[in-house]
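Here's a quick briefing on the model shown below. Take a look at it first, then read on for the details.

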Amino acid sequence: MLSLSAMPRTLDPELRRALAARIRYYNEMGIYDFYRRPQSDRVGEIAATTVVDETEIAVSTSHPESEEEISSRKATAVAMPVAIQSDENIFDLIALKPEQSVSDPVKALKIIREDLGDCTRCVLHKQGRKQIVFGVGNPTAELMFVGEGPGADEDAQGEPFVGRAGQLLNNMIKAMGITREQVYIANIVKCRPPGNRTPEREECATCSPFLMRQIAVIKPKVIVALGAVAAKTLLAMSASMAQLRGRFYDFRPASVRSNDPNWDGCKLAVTYHPAFLLRDPRQKGEAWKDLQMVMKELGMKAPKSNS
Ligand code: URA
């Protein structure tokens, strides 16, 4: 983890003004997302730690549906806003997104979808995707589920979790005493990786800022990360499912702020991906424990048949 003390607390005022002007210039052109350059390209640490939109993440290249338990790796750097005593706060400018001035969440999500456009930001756009799978559900949901990426069924229908894994997710949601329509469902990447391979680290890093913006609009109370890729991307850390499950994390979407000053992030829980549960149904009891933890947090009671 990059400690705050390792980051520059003050920037040269000249440099700060120049950076602020450049970011505003990009914002005016409709560019809101800034990505960290590879280490070798970096000119200086100040620029590298300042102009950064996303956290660095470590995402496995193995498929979680075949290997849900992934060994620990070191936690990676998380860029955090530094309080700069200036009305030209660069981090405020970076966080400025076009939907932030819109109070209606339906309209705000529409703005994010329009901003995404016919996305060609990563290689997935030219690897056989039929359509972008944005996300579905209640735009003011208290509970949000985040999976890995669309499969063939989702790619064909344009909606997340509509295949076999989706049927199981629907049953899990039903067991909690709620409906699919009451929650919001999305994925880390919005385009189907070819052959249902695990999305690459670069693809997750490129796509997840849009998910972060969706989260900041929806303002859920709890997010359930389904599987290791979702957990590791959202938490910007790498650990085994055994280490990640069984507790809540305090979550704030990276590099974006909600326009609601009362929403300061939410809880995040990790559970097994439904596709993994289809392969190993013995773990369903463990997943149910995770969901019960979530239900308790949300003050929900399971319907009679589950208690
Ligand atoms: N698996 C996912 O991670 N997401 C989907 O939408 C479908 C299957």
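Let's start inside: 13 residues line the largest cavity, and Cys119, Arg121, Cys122, Cys191 and Cys207 are the ones nearest its centre. A cavity here is a set of points, on a 1 Å grid over the protein atoms alone, where a 1.4 Å probe fits but cannot get out, and lining residues have an atom within 4 Å of a point. Keep in mind that this is a predicted model: local features need pLDDT of at least 70, side-chain atom pairs count only at pLDDT 80 or more, and totals for chains, interfaces and linings use all residues. Residues are numbered from 1 along each chain as its sequence is written, and side-chain values use heavy atoms, with hydrogens and water left out.

**Cavities**
- The whole structure has two cavities of 30 Å³ or more.
- The largest cavity holds about 100 Å³ of space, where a volume is the space filled by probe spheres set on grid points joined across faces, edges and corners.
- Its lining splits into eight nonpolar, two polar and three charged residues; Ala, Val, Leu, Ile, Met, Phe, Trp, Tyr, Cys and Pro count as nonpolar, Asp, Glu, Lys and Arg as charged, and the others, Gly among them, as polar.

**Confidence**
- Mean pLDDT (the predictor's confidence in each residue, from 0 to 100) is 81 for the chain, with 70% of residues at 70 or more.
- Residues 40–67 have pLDDT below 50, and the model gives this stretch 94 contacts beyond near neighbours in sequence; a contact means heavy atoms within 4.5 Å.

**Overall fold and core**
- The chain has 11 helices and six strands, which are DSSP runs (helices H or I, at least four residues; strands E, at least two) numbered from the N terminus.
- Of its 307 residues, 51% count as buried, with buried meaning under 20% relative accessible area, exposed over 50% and partly exposed in between (1.4 Å probe, protein chains only).
- Among contacts between residues at least 6 apart in sequence, 75% join residues at least 24 apart.
- The largest nonpolar core has 73 residues, and Leu143, Phe145 and Leu234 touch the most other members. Helix α7 gives the most to this core, with nine residues.
- Such a core is a set of buried Ala, Val, Leu, Ile, Met, Phe, Trp, Tyr and Cys residues joined through side-chain atoms within 4.5 Å.
- Leaving out residues up to four places away in sequence, the contacts of leucine 143 include Met176, Tyr184, Pro220 and Leu298.

**Positive phi**
- Most residues other than glycine have a negative phi.
- Phenylalanine 161 has a phi near 50 degrees. It sits in the loop between α5 (152–157) and α6 (164–175), and is buried at 5% relative accessible area.
- Lysine 219 has a positive phi of about 55 degrees. It is in the loop between α7 (201–218) and β4 (222–226), and counts as partly exposed at 27% relative accessibility.

- Proline 139 is in the loop between β1 (136–137) and β2 (143–147). Its C-alpha is 6.0 Å from that of proline 105, 34 residues apart in sequence, and its contacts beyond four places in sequence include Pro105, Val106 and Leu109.
- Glutamate 286 is in helix α11 (residues 284–297) and is partly exposed at 26% relative accessibility. Beyond its neighbours within four places in sequence, glutamate 286 contacts Arg245 and Tyr272.

How values were computed. On a 1 Å grid over the protein atoms alone, a cavity is a set of points where a 1.4 Å probe fits but cannot get out, and a pocket is an open set with protein on both sides within 12 Å along at least five of seven lines; lining residues have an atom within 4 Å of a point.
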